Amino acid sequence: MQTLPTPARARRRWIPVLGLTLLSPVAAEYLIGYGDTIGRPKELLAGLLVLGPLYGTVAVLVREAVRRTGRGWPSMLLLGLAFGLVQAGIIDQSLFNDDYRDVPDWQETLRPTFVPGLGISVAMALNFLVGHMVWSFCAPVAVVEACVPRLADRPWLGRTGLIVLPLLYLAAAALIYQDHLRTEHFTAAPAQTAGTAAVALALGAAAFALPRRRPAGRPAGTRAPAPWVVACCAAVALTVHQNVPPTWPGAAADAALLTVLGALLLRWSGRTGWGRKHVLAASGAALMVNALLSFVVEPLGHPSAAAKFATNAAITLGVMALLGWAHRSLRRHVATP
């Protein structure tokens with residue numbers, strides 16, 4: 001087999017880096033269609049100049065850390081949760097703000113499960129943190145890796161990337177933080193910020209304390225379910241997650257259902273036959289849930305119906321095309337000797 005020259009290899013690996021840097025913010029901010037720029041394509045594209053460094057660099061760096069240390073998806077999810085906590089608790093502080101961006105019904109959503117001692121709503125915290133872990137970071141990583149299966153277990157960044165991407169993230173995070181200080185006139189209490197940082201660091205430490213991935217020797221006679229079963233289970237659980245009422249019973253049911261989904265995926269991933277198609281099924285289901293829900297979400301900017309539905313349709317079709325490409329890439333990879 002011919003070995004690619006170093007520059008060619010580097011160019012090939014920057015393709016998925018760029019793809020993940022773009023998909024991550026789209027999945028985080030545009031896919032479900034709640035933002036005030038929905039219906040304004042130029043502003044959506046311009047927003048990627050900030051949101052790409054804010055979300056995309058994190059997705060790339062989380063994936064890089066996990067793949068370089070030989071760990072698996074539990075570590076990926078923990079790191080995604082840690083950065084989601086930093087995003088919601090320190091950078092934009094939506095986790096603690098009781099009147100964020102003048103969002104209609106914010107108080108009605110926050111109050112039923114509000115915990116005064118912590119200054120957070122449990123239902124909103126679940127929504128923010130699971131949203132970042134799944135849609136901002138982990139699902140985009142899984143989809144982009146499926147598009148380039150030959151590179152999926154390898155590092156993508158060289159020394160330049162490992163320096164540039166953290167700097168881009170810090171610059172974007174500082175910009176968003178300053179913007180929210182200026183427009184929201186709200187700052188989380190020092191104890192809230194310190195507590196958020198401590199929990200995020202603990203999640204990061206736990207991610208690297210997990211054992212490295214085991215060799216692919218699995219018990220005979222126990223087969224993983226078909227990918228479509230995984231997709232259906234993920235779609236049902238995540239659809240419920242996005243639609244449960246923000247009450248204590250709703251939050252409890254949401255947490256229980258997400259726990260069951262996580263336990264199922266962990267159990268199935270140890271069975272014979274589990275592979276990248278199953279991971280793509282779960283992550284693709286997550287993206288499609290939000291893409292389809294976008295058609296019934298009312299954006300903050302109140303665009304015209306035509307502009308809203310055109311944007312929703314364009315993003316949904318783009319996601320479907322990307323998932324189709326990922327599926328074909330995996331199929332060709334398996335068929336290639």
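User: Which loop is the place of Gln 93?

Analyst: Gln 93 sits in the loop between helix H3 (73-91) and helix H4 (106-110). Keep in mind as we go that this is a predicted model.

User: What makes Gln 93 count as buried?

Analyst: Compare its value with the cut-off. Buried means under 20% relative accessible area. Gln 93 has a relative accessible area of 5%, so Gln 93 is buried. Its backbone has a feature to look at too: phi of Gln 93 is positive, about 55 degrees, although Gln 93 is not a glycine.

User: Is His 185 buried or exposed, and how do you know?

Analyst: The cut-off for exposed is over 50%. His 185 reaches 68% relative accessibility, so His 185 counts as exposed.

User: Why is Arg 101 called partly exposed?

Analyst: Partly exposed covers the range between the buried cut-off of 20% and the exposed cut-off of 50%. Arg 101 has 31% relative accessibility, so Arg 101 belongs in that range. You can find Arg 101 in the loop between H3 and H4.

User: What is Arg 101 in contact with, leaving aside its neighbours within four places in sequence?

Analyst: Contact means heavy atoms within 4.5 Å. Leaving aside neighbours within four places in sequence, Arg 101 is in contact with Tyr 34, Asp 36, His 180, Glu 184 and Leu 300. Another pair to look at is Arg 101 and Thr 183: they are 82 residues apart along the chain, and their C-alpha atoms are separated by 8.1 Å.

User: What makes Met 320 partly exposed, and where is Met 320 found?

Analyst: Met 320 is found in helix H11 (residues 305-335).

User: Are Cys 138 and Cys 147 buried or exposed?

Analyst: Cys 138 has a relative accessible area of 4%, which is under 20%, so Cys 138 is buried. Cys 147, at 10%, is under 20% as well, so Cys 147 is also buried. Over the whole protein chain, 45% of the 337 residues count as buried.

User: How many helices and strands are there in the protein chain, and why is the chain called as compact as a globular protein of that length?

Analyst: There are eleven helices and two strands. The radius of gyration is 20 Å, close to the 20 Å from the globule rule for 337 residues, so the protein chain is as compact as a globular protein of that length. Along its principal axes, the C-alpha trace spans about 60 × 45 × 45 Å.

User: What share of contacts between residues at least 6 apart in sequence join residues at least 24 apart?

Analyst: In the protein chain, that share is 79%.

Conventions:
Residues numbered from 1 in each chain as written. Predicted model: local features only at pLDDT ≥ 70, side-chain atom pairs only at ≥ 80, totals over all residues. Heavy atoms only, no water. Helix = DSSP H or I, 4+ residues; strand = E, 2+ residues; numbered from the N terminus. Rg over C-alpha atoms; globule rule 2.2 N^0.38 Å. Buried < 20%, exposed > 50% of the residue type's maximum accessible area, 1.4 Å probe, protein only.
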